[in-house]
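User: I am new to this structure and would be grateful for a close look at a single part, the surroundings of the ligand. Please go on from there to the neighbouring elements, in one connected account.

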Amino acid sequence: MRIDIITVLPEMLDSPLNYSIVKRAKEKGFAEIHVHNLRDYSTDKHRRVDDYSFSKGAGMVMAVQPIENAIESLKKERAYDEIIYTTPDGKLFDQKEANILSLKTNIIILCGHYKGIDQRVRDLLITRELSIGDYVLTGGELAAAVITDSVVRLLPGVLSDETSALSDSFQDNLLSPPVYTRPAVYKGLKVPEILLSGNDKLIDDWKYQQAVERTKKLRPDLYKKFTGETD
Ligand code: 6GU
């Protein structure tokens, strides 16, 4: 899979996408991540990418020209399955969305900034608009990093059996069960007896039951989805 990220702050994406599993996925050739500086596509002599909003006093807006140039020049090289725009008014990104994106071959992520991008870019070029939560970030870069991280780890071959995505929280609308390592007793708190039993069937049943109970208690909204209840 190839992900092209278009941003006015390319440095902001260097670090988050160069560690751990994402780093390994790139090294092993499962994922290619390319970060592009939007200013490189500006025809303005000062490399400007924003302009005044037609709505008075509304702050700066990212203009059509640099964005269109950037996207069109990428499109000349290959076909893209999705052109995503990260914005607080987008659809809430979740595990289901991550699963869908992990099946794509080439995607572009355009990071929003200032008061957003000219609506005509959204109307004509963008195929998906995503938000990572109901709070405001200074720009779409951290959202793009979050989306990329969660998608790349789902690519076949990236995770080992041990860290398999199938056992992740959210994959089946359940939170993960609690986990323990040595010591077996810490400050008087014991590891649940069952986990020391060596009985795989009992342990699996216990983990499932714990996952269900935890979800019910901590995330009643998810629990509803898990039981198939609709509101
Ligand atoms: Cl995608 N962008 C910004 N600026 N803020 C956000 C967001 C995105 N998702 C949640 N908050």
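Analyst: One term is needed at the outset: a polar contact is a pair of N or O atoms within 3.5 Å, and within protein one of the two must be able to donate a hydrogen and the other to accept it. The model discussed here is predicted.

The account begins with the ligand. The residues around it are Thr86, Thr87, Pro88, Leu130, Ser131, Ile132, Gly133, Tyr135, Leu137, Gly139 and Ala143. Sorted by class, this shell holds six nonpolar and five polar residues, and no charged ones. A polar backbone atom of Tyr135 is 2.5 Å from a nitrogen atom of the ligand. For Ile132, a backbone N or O atom lies 3.0 Å from a ligand nitrogen, and a backbone N or O atom of Leu137 likewise lies 3.0 Å from a nitrogen atom of the ligand. Taken alone, the ligand would expose 290 Å², of which the protein buries 96%. Two elements give two or more residues to the shell, namely β5 (82–92) and β7 (128–131). The greatest contribution comes from β5, with three residues.

Within α4 (residues 95–102), the buried residues are Gln95, Glu97, Ala98, Leu101 and Ser102. Viewed down the helix axis, they fall within an arc of 155°, and therefore they line one face of α4.

Ser102 deserves a separate look. This residue of α4 has a relative accessible area of 12%, and it is buried because that value is under the 20% limit. The side chain of Ser102 reaches the backbone oxygen of Asn99 at 2.7 Å. Leaving aside residues up to four places away in sequence, Ser102 touches Val151, Leu154 and Leu155.

The account returns to β5 from another direction. Tyr80 is found in the loop between α3 (64–77) and β5. Its relative accessible area is 14%, so Tyr80 is buried by the criterion of under 20%. Its side chain takes part in two polar contacts: one of 2.6 Å with the side chain of Asp4, and one of 2.6 Å with the side chain of Arg78. Tyr80 and Asp4 are 76 residues apart in sequence, while their C-alpha atoms are 9.7 Å apart in space. When residues up to four places away in sequence are not counted, Tyr80 touches Arg2, Asp4, Leu74, Lys75, Asn106, Ile107 and Ile108.

Asn37 has its place in strand β2 (residues 32–37). At 17% relative accessibility, Asn37 also falls under 20% and so counts as buried. A polar atom of the Asn37 side chain lies 3.0 Å from the backbone nitrogen of Arg39. With residues up to four places away in sequence set aside, Asn37 touches Thr7, Val8, Pro10 and Arg47.

Terms used: Residues numbered from 1 in each chain as written. Predicted model: local features only at pLDDT ≥ 70, side-chain atom pairs only at ≥ 80, totals over all residues. Heavy atoms only, no water. Near = heavy atom within 4 Å. Areas by Shrake-Rupley, 256 points an atom, 1.4 Å probe, with all protein chains shown as cover. Helix = DSSP H or I, 4+ residues; strand = E, 2+ residues; numbered from the N terminus. Nonpolar A, V, L, I, M, F, W, Y, C, P; charged D, E, K, R; others polar. Buried < 20%, exposed > 50% of the residue type's maximum accessible area, 1.4 Å probe, protein only. Contact = heavy atoms within 4.5 Å. Arc of directions from axis to C-beta.
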